[in-house]
Each structure stands twice: as structure tokens, then as C-alpha cells.
Amino acid sequence: MPRYAFRVEYDGAPFAGWQAQAGQPSVQGAIEVALARLDPGFAAGARIAAAGRTDAGVHASGQVFHADLIKEWQGFRLGEALNWHLKPAPVAVTAVAEVSADFHALFSALERRYTFRLVARRAPVVADRGRVWQVLKPLDLDAMREAAQYLVGRHDFTSFRSTMCQAASPVKTLDEIRIESLDYPAGQEIRFYLSARSFLHNQVRSIVGTLERVGAGSWEPARVGAALKARDRAACGPVCPPQGLSLTGVCYDPDPFS
């Protein structure tokens, strides 16, 4: 059975998350229904495997999954056919490649990259509604950058993970947090770029929600370091809403889509 890797983007707003759930709309479920129209294996109940699970309302431009198909396809035609059957769901395959049997979307991944968009302005956000988290007051970029440095590196992130997290260990290595300010009509857009081999459940949203408190002046930067050392969920700042978050890339060596 040939194995194919797919890069996919989606609008997470109408879904209960990536993972298939009985009675709930999911990105995985939409893709598997589309694949069932193309391949007898999926018509019989085969499943796809993804690089990671995104929560309800979280978007993606660089999610990756793999599927073992009975029929052989030319990659371009497979992507076109799958996109046809995905309509009208807000999900699109942007790349397809045949890969070796030892490629695994989850276990072969070397890095995941997330981007979080925040807009600070008084006027309601209209053009980017559902794509950003809006706060009303400008944020201190330098203070957030200072606070973020406490989190870079290998740490026990118990304070920054959901109590429902199923990861075997809270220890993760956060390779980068980069924070940029962009011009935005009548306000300020701040983008947070985070990369790591893997993340804990709600880790990114917990980090961004905590850094927002620093930018707003409610926390001193050093309090983020203290929260990390506390290894206590109660020490973390608020978990920010999901709509500003997007999985923007998953890295492999070699890159199946290069």
C-alpha cells in the first residue's frame, strides 16, 4: 500500500478540533470522509495520522498528515481529487507527496511551528474576525520579549499545560519565542512565533495569555520565570482564546514536499 504525505490548511472555526470525535465536526473527520470517496481502504474505515492535534477554533496553514491508500496516485491528481471532495468544508490540501513506509507524520516530525496573532485596538476587529485575539490597550513589546526569555530552552512546563494534558512528561524544549509588532489600522498587531519539537496541550495559548499580562503591565517579566519554576497550573496566567492561533509548519528531514 503506497503511503502519501499531505500538507493541509484549514479554518478551525467550525470544527471541534482536529481529532475525530463522535457527533462532533472535526478536521480529521472531514478529510477521512473525502478519502472514503477515493479509496476503498478509507471506505472500510482506515484512518489518517497527523503531526499533531489542534484544539477547537485553532487554524492551520501547515498541518501534515499521512495516509496509506490502496490505489496508487500521481500526487497532483490526488490533491486535486481530495480538494474536490472536501468541498464545502474550509479545508484544503496544498501539497501531496508519496513517501516511504517508515515516514510517520507524528513520529518523524522534528519541529512544529505556531503563530499567534493578537490585535490591540479600541475599534472592533472586522476584517480579521475569527483570526485574531483582540485586546483593547497597546502592549509593551520589550517587556513581553524579556519575559519570553524565561521560557526558552528545556524546562518543566507543568505551569503552562492543561490539566487535561495526556503527555507522559511536562518537560519540553522550547526552541524559540519571537515577538513582532506590525502596523494595523487604528491599532497594533503583535505576532508570536513559537517553535519546538513538540508542545503540551494548551502550552502555546497559556504562554501567549501570560505574556499578554506582562505586556498590559499586570505582571512584571520576572513573574513569568517564577510561574515556570512553581510547576503549578495555578501560577500561570490566563489561557488566551484559540482563534488567533495557527499551526504554520511541521519540519521533516528530508522534507517530503521539497
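Predicted model: local features only at pLDDT ≥ 70, side-chain atom pairs only at ≥ 80, totals over all residues.
Residues are numbered from 1 along each chain as its sequence is written, and side-chain values use heavy atoms, with hydrogens and water left out.

**The whole chain**

- The chain has 6 helices and 10 strands; these are DSSP runs numbered from the N terminus, with helices being H or I of at least four residues and strands being E of at least two.
- The radius of gyration of the chain is 19 Å, close to the 18 Å that the globule rule gives for 258 residues, so the chain is as compact as a globular protein of that length. That radius is taken over C-alpha atoms, and the globule rule is 2.2 Å times the number of residues to the power 0.38.
- Along its principal axes, the C-alpha trace spans about 60 × 40 × 35 Å.
- Buried residues make up 51% of the 258 residues; buried means under 20% relative accessible area, exposed means over 50%, and partly exposed is in between (1.4 Å probe, protein chains only).
- Take the contacts (heavy atoms within 4.5 Å) between residues at least 6 apart in sequence: 72% of them join residues at least 24 apart.

**The largest pocket**

- About 1,200 Å³ of space lies in the largest pocket, and of the 37 residues that line it, G52, R53, T54, F199 and H201 are the closest to its centre.
- A pocket here is an open set of points on a 1 Å grid over the protein atoms alone, where a 1.4 Å probe fits, with protein on both sides within 12 Å along at least five of seven lines; lining residues have an atom within 4 Å of a point.
- Grid points are joined across faces, edges and corners, and the volume is the space filled by probe spheres set on the points.
- Helix α5 (203-215) is one of the elements that supply at least two lining residues, and with 3 residues α5 gives the most.

**The second largest pocket**

- This one has a volume of about 190 Å³.
- It is lined by 16 residues, and H59, A60, S61, R131 and S246 lie nearest its centre.
- By class, its lining has 5 nonpolar, 6 polar and 5 charged residues.
- Strand β3 provides the largest share of this lining, 3 residues.

**Strand β3 and its partners**

- 8 of the 10 residues of β3 are buried, so β3 is largely enclosed by the rest of the structure.
- β1 and β3 pair in the antiparallel sense over 7 bridges; two strands pair if DSSP finds at least two bridges between them. R3 has D68 in β3 as its bridge partner.
- β2 and β3 run antiparallel and are joined by 2 bridges, with A49 standing opposite H66 in β3.
- β3 and β10 run parallel, also with 2 bridges, and A60 has L247 in β10 as its bridge partner.

**A buried glutamate**

- E32 is found in helix α1 (residues 27-36), and at 10% relative accessibility E32 counts as buried.
- Leaving aside neighbours within four places in sequence, E32 is in contact with F42, A46, R47 and I48.

Definitions and conventions: Nonpolar A, V, L, I, M, F, W, Y, C, P; charged D, E, K, R; others polar.
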